[in-house]
Amino acid sequence: SSGINAEYGGPRSYSGPIGKIITEDVWLRPICKFRPIEMNVDVSPEVIAGMSKDQRYMYQMCREIDQGLSNSIVGQEIWDHTIWEFLSLSSVTFVGYISPRLARLKCGPLHHARWMTKGNRVLRLYVSGPDPDIAERVAELAKYIVQVYFPTLRNIKRDSDLVHGASHLLTEVLAIQEHFPHHRDFLLRYVEINGFVAHPESLILSLLGSSDSSTRRAGVTLIQKIRAAGAKPELLDSVRVFRVPKLNPHAKTLLDLIFLKEVDGLLLFRGMYGRDYIATEPPLTRHLSEEDLLKFLDSPMRTDFVCHSQPVERAVAVTTAVTEVVAGHLRQVGEGIAKIRARTAIPRSVIRRNWLDGKVLESI
């Protein structure tokens, strides 16, 4: 809500007061003084290298909003008279200013399915001094992006193994508890809708992948309880229906992220709408013997799968692109495979004019 949505005005527009503004070219708005927002997140060069263009924009914007005016003074990228004008108006502690270089960068296209570009536009609006009637709501949104959304993104990019999924969600819940205590229940309601990685199967994987031995032991114990209950005739050959779990707003550890309990030998978890469901073992551990399962007590579990949906989103983008070029299922599949292989073979440093001029790098 917060004035963004209200009602959709189409796939690329909103009818809310903030939404209407961020559909415009917000990068053309002049930069004004703003209150810096503390981020307290370190991003390694390796993580930055793996970011997309939109993700790097958000990182740069969050970093400069965090560092505020001091960053611009050191960079010598804004006019001196403007610096001293701001210094005379307010304390340096509460005055921020971003560099003109970043201010001129364009944000990605707005679409309801691309929250990243929507967040970038909100940050750009925040540093340009929004109208007084929406300033407070824009500041709240910017704070959420800087202190909750981007740190969670950083964690996912840094530790993308499937076993870290529930841990990242717990970190997000803890950040909301710390920075938004008065809006906690409201925010968690929307986090919960997409809290798929809190499902017991994902939660158990995170327990097994923890660096703490006692946490891994708890994961092993849960699997043992599920296996003991799985021998019951009424549970054999049943279809697993995925249920989004209810999040614990007071959670501090992985074990209390969702509501688990034992009833008549069954391990149950509470669904999003309050009903209890039977917990099932993760498919990735079902083939493991008891002996193999106990090995996780000595070393954390690792997988070859990721905890985010970026590969799926990229595949959807490729599928959509090839349908505009060729017709027929087999031809579209071949075109899609060729695109993916070409991206792997051609380095990002190869620019388009090299190919137009007939220049081919020896490394390809």
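These are my notebook entries on a predicted model of one protein chain.

**Ground rules**

I number residues from 1 along each chain as its sequence is written, and my side-chain values use heavy atoms, with hydrogens and water left out. As the model is a prediction, local features need pLDDT of at least 70 and side-chain atom pairs count only at pLDDT 80 or more, while totals for chains, interfaces and linings use all residues.

**Entry 1: the whole chain**

I began with the overall tally, and the chain has 16 helices and five strands. Helices here are DSSP runs of H or I with at least four residues, strands are E runs of at least two, and the numbering starts at the N terminus. Of the 364 residues, 40% are buried. For the record, buried means under 20% relative accessible area, exposed means over 50%, and partly exposed is in between (1.4 Å probe, protein chains only). I also checked contacts (heavy atoms within 4.5 Å). Among those with a separation of 6 or more, 68% are between residues 24 or more positions apart.

**Entry 2: H7 against H8**

Next I looked at helix H7, residues 115-126, packing on H8 at about 135° with the axes 9 Å apart. The axes are lines fitted to C-alpha atoms, for helices over the stretch in contact, and angles run from 0 to 180 degrees between N-to-C directions. H7 and H8 are therefore oblique to each other. My cut-offs: under 35 degrees is roughly parallel, over 145 roughly antiparallel, 65 to 115 roughly perpendicular, and the rest oblique. The crossing of H7 with H8 is left-handed, meaning that the near helix is turned anticlockwise from the far one by less than a right angle (clockwise would be right-handed). On the H7 side I found residues including Trp115, Met116 and Gly119, and on the H8 side residues including Val138, Ala139 and Tyr149. The H7 and H8 contact residues split into 14 nonpolar, one polar and no charged. Nonpolar covers Ala, Val, Leu, Ile, Met, Phe, Trp, Tyr, Cys and Pro, charged covers Asp, Glu, Lys and Arg, and the others, Gly among them, are polar.

**Entry 3: H3 against H8**

Then I turned to H3 (residues 53-67) and H8 (residues 132-158), whose axes come within 11 Å and cross at roughly 135°. H3 and H8 are therefore oblique as well, and their crossing is left-handed. From H3, Gln55, Met58, Tyr59, Cys62 and Ile65 meet H8 residues, among them Ile145, Phe150 and Lys157. I counted nine nonpolar, one polar and one charged in this contact of H3 with H8.

**Entry 4: Gln147**

I stayed on H8 to look up Gln147. Is Gln147 buried or exposed? Gln147 counts as buried, at 11% relative accessibility.

**Entry 5: two loop residues**

I found Thr303 in the loop between H13 (290-294) and H14 (310-323). Thr303 is buried at 15% relative accessible area. Its side chain makes a 2.9 Å polar contact with the side chain of Asp161 and reaches the backbone nitrogen of Phe305 at 3.2 Å.

Last, I looked at Val325, in the loop between H14 and H15 (329-345). Val325 is exposed, with 54% relative accessible area.

How values were computed. Polar contact = N/O pair within 3.5 Å; in protein donor to acceptor, adjacent residues only side chain to side chain.
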